[in-house]
Amino acid sequence: MRRGERPALTTTDKKRAAGNRKTGRSPAFCRHDMAERDAPRRTFPFSFGLDRIGLFALDAPYFAAFLIAVLTALALIGISNLRVDDSLSELFRTDTEEFRKYEQIDRRFPSSEYDVLVVVEGKDLLSREKLEMFRNAVVELQLTDGVGGLVSMLSARNIPDASGYAPPVVPDELPADPAAYEAVKHALAENDIVKGKFLSDDGELALIVIALDRAMVEERTAKVVIGGIKEVVDKELAGSGLTAKLTGAPVMQLEIRNAVERDRLVYNGLGFVVGFAVAYLFFRRLSLTLIAVLGPTTAILWTLGVLGGLDFRLNLFINVITPLILVSGFSDSMHLVFAIRRDILAGMDRIEAARNAVREVAPACLLTAMNQAISIVSFAFAESALIRTFGFAALLAVGISYMAVAVVVPTLAAIFVRREPAAAVDPHEREEGGVGVLQRMSETVMGFVGARPLLFVAFGLVAVLGTGHAFVSLKPMYRLADQVPDKEQALAATGSLDQKLTGANPVHVMIEWKGPKSDAASTGAAPIALYDAATLSVIAEAHDILEKEAGLGNVWSLESLRRWLETAGDASIETVQKYVKLLPEHLVRRFITADETAVLVTARLPDIDSSEILPVVEKIDKALEPVRKRHPGYEISVTGLPAIAARNSATLIHELTWGLVGDIFLVFIFLGIALRSLLVGVSSILPSLFPIFTTGALLYYSGQGLQFASIVAITVAFSLAIDSTIHFLNRFRLEEDRIGPGASSAREALASTAHHIGPAVVLTTIVLTLGLGVTMLSDLPSLRLFGQLASACLFASLIGQLIILPATVSLYRLYFPLKASTARSSAESTA
């Protein structure tokens, strides 16, 4: 049939036309029903035939179903291998000298970053009865499995006597005499080692620092060891009026691991149930609902199975891959199911209906997957190892998700969807119910917008420019607390330490040198020893800088011991060396390496935003510069997780943000080239940028900054926005090719596109908003933020698809109408 000729009317066509007249549907819909079988099927360059993969499955649907079942079973095996990465520092892992210094701390000072902090609180903590119970708890903790050693206010010693013996401030037997006991309490509260470090000024908080036995933790797991510590301390303090909470890196890691595992099961399951329920309310047909949901569900299972098989670890970023697949997979699945449903309701055979859906919709699904890959490809080249891993995993997920949906949906439709009886063909009946409501709403909104394109394009442009200004004004934000469950004990204990002591987050000054056993001759430098006067002088200067220049508290180093001995009148190097040998091994390894070629000077910071920590770190670094110049034989660096986070978080967030924005513009260019259409490239810009910038404006005006979770939410929202945009433009071009050039062709094509695409876009947004919105119930602040922003992004994306995109297309066609030569070349470019 040549272009411009109409197909002969069959009896079914006449019945459809009569039904259209009866229900008042436009001539565009009437012609579509009669000529849809002759509509061109679009493909595009770079598809490599992947858009036809569903057709192969339809040639042998039962064999395809068998392969799907086998792959799903293998995926479940891979999922069973998934493990959680609970590292607090992995996000900042980079191939830099700065991060390598941080890694040295964990290796050379094994106790420094692996402490469990027991925070004991209560009124009259130093009363005789409560102090006795506190001491009993300390004794029992020392005997608990997995405890390598501990330090508390009971570890404090008085000034050594003439024989060198330093008696404990709190004796084994508390004095019976009230006056003598008050003297003990006063000495404890005023002791330099205890005051402000292990005991708060108001006497209502005491800190116990536990060094874990790493071998025991590996053998028995952190959950068992930390659980045992909590059980012991709760038992010993029961009935005392004192409460105990645990914090520190191991406790936070355990809580993160538990939350990630719990959220993965609970919220994914809840999201699935919500999505299924809403889809069924609109479809009112179990088979179609199952097909729409099982497509993305299979995609999620296959992706997680591959990630588990490749030993990817679950973390904040990898966990986001599930909603990313849910967004893209569910959207593609819905468009395929709507196309199948349309032909089934027209009385078409289910196999042929599935074939038509693959030919019409699959090219847009494939193009969506390619654009998603472009939008996240910059992540795969990020400086952070964690973000690079996420980038590679997301690229895998995009490819697997497309393959799964493109095969599973047509296969299940060919097997489970029954053919409708002829009586069901009446268009008036088939468009009742929820889908009919969405259809009429979409037609009304897009028709109203299409008749006033200039007004709504101006609205879109002003909205994008206004929200874009807020987006670029956002400042990066990062707090450790945002990565840890805030309804558990760790953050509550950390908050108490921030309020009553100086915080729980360690920042270190690491001082290194070439020891006597090193090959120093090659550098011409003399070997340096730990107890050289110059070494002790450097340690003292670094200690002073942390205390006085930076204003930090709870500073610990070899200088702390020297100052304590100085109060006894003997701070000689020999005495310092003697007392170091008397200290427990776990305590010495907190600030001196086993080979005595490096020391730490450690202070603790409160959990504040990294933008507030960075000036402190820079101030310390600047103050240490004169020390470096006076002592060139020593390598002095400022490190620790707060320092690494402060230096790198802003850089990483900027890198992710502008990498995403750059990739988005590449997507627009690729769209125009792939579909050989300037219309596509131009009209996709405003509706795709609008949800991203709207989310940024929401963060900006609510006083929040740009966080890692924000960027992930924006990425997911853009994924849906570009998905819906591509399906809309793909359908619009199909309708234009079918209708042909004419004065009203753009209006009719837009009306027909609204009729077919509108319900899928609206229903997809509703289901995904509810499905992703359940993450707002999470214990993880970052995941809650993700849920809030994702829901806002999806709503903004819906506005972009229903208002800004139709207006942009209509305005473009108003000035650049479709020409006959363009229509012919479009038809010739189809497969």
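## Aromatic rings

Let's start with Phe456, which is buried at a relative accessible area of 15% (buried means under 20%, exposed over 50% and partly exposed in between, with a 1.4 Å probe and protein chains only). Phe448 is partly exposed, at 44%. A word on the source: this is a predicted model, where local features need pLDDT of at least 70 and side-chain atom pairs count only at pLDDT 80 or more, while totals for chains, interfaces and linings use all residues. Residues are numbered from 1 along each chain as its sequence is written, and side-chain values use heavy atoms, with hydrogens and water left out.

Searching the whole structure turns up eight aromatic pairs. One of them is Phe99 with Tyr102, a tilted pair at 5.7 Å centre to centre with 50° between the planes. To count as a pair, rings of Phe, Tyr and Trp (its six-membered ring) need centres within 6.5 Å; planes under 30 degrees apart are stacked, over 60 edge-to-face, and the rest tilted. Phe99 and Tyr102 sit about one helical turn apart, because they are three residues apart in helix α5 (residues 97-108). Helices (H or I, at least four residues) and strands (E, at least two) are DSSP runs, numbered from the N terminus. Phe99 is buried at 2% relative accessible area, and Tyr102 is buried too, at 10%. Back to Phe448 and Phe456: they make an edge-to-face pair, 6.0 Å centre to centre and 70° between the planes.

## A charge over a ring

Arg128 lies over the face of Tyr181, 4.7 Å from the ring centre. The cut-offs here: NZ of Lys or CZ of Arg within 6 Å of the ring centre and within 35 degrees of the ring normal.

## Strand β4

Eight of the eight residues of β4 (residues 205-212) are buried, so this strand is largely enclosed by the rest of the structure. Leu205, Leu207, Val209 and Ala211 point one way, and Ala206, Ile208, Ile210 and Leu212 the other.

Strand β2 (residues 115-121) runs antiparallel to β4, joined by seven bridges; strands pair if DSSP finds at least two bridges between them. Val120 has Ala206 as its bridge partner in β4. Strand β3 (residues 147-151) is also antiparallel to β4, with four bridges, and Val151 stands opposite Val209.

## Strand β9

Strand β9 (residues 598-605) is mostly covered, with eight of its eight residues buried. Strand β7 (residues 505-512) pairs with β9 in the antiparallel sense over eight bridges, while β8 (residues 553-556) runs antiparallel to β9 with two bridges. Thr602 is the bridge partner of His508, and Trp556 stands opposite Thr602 as well.
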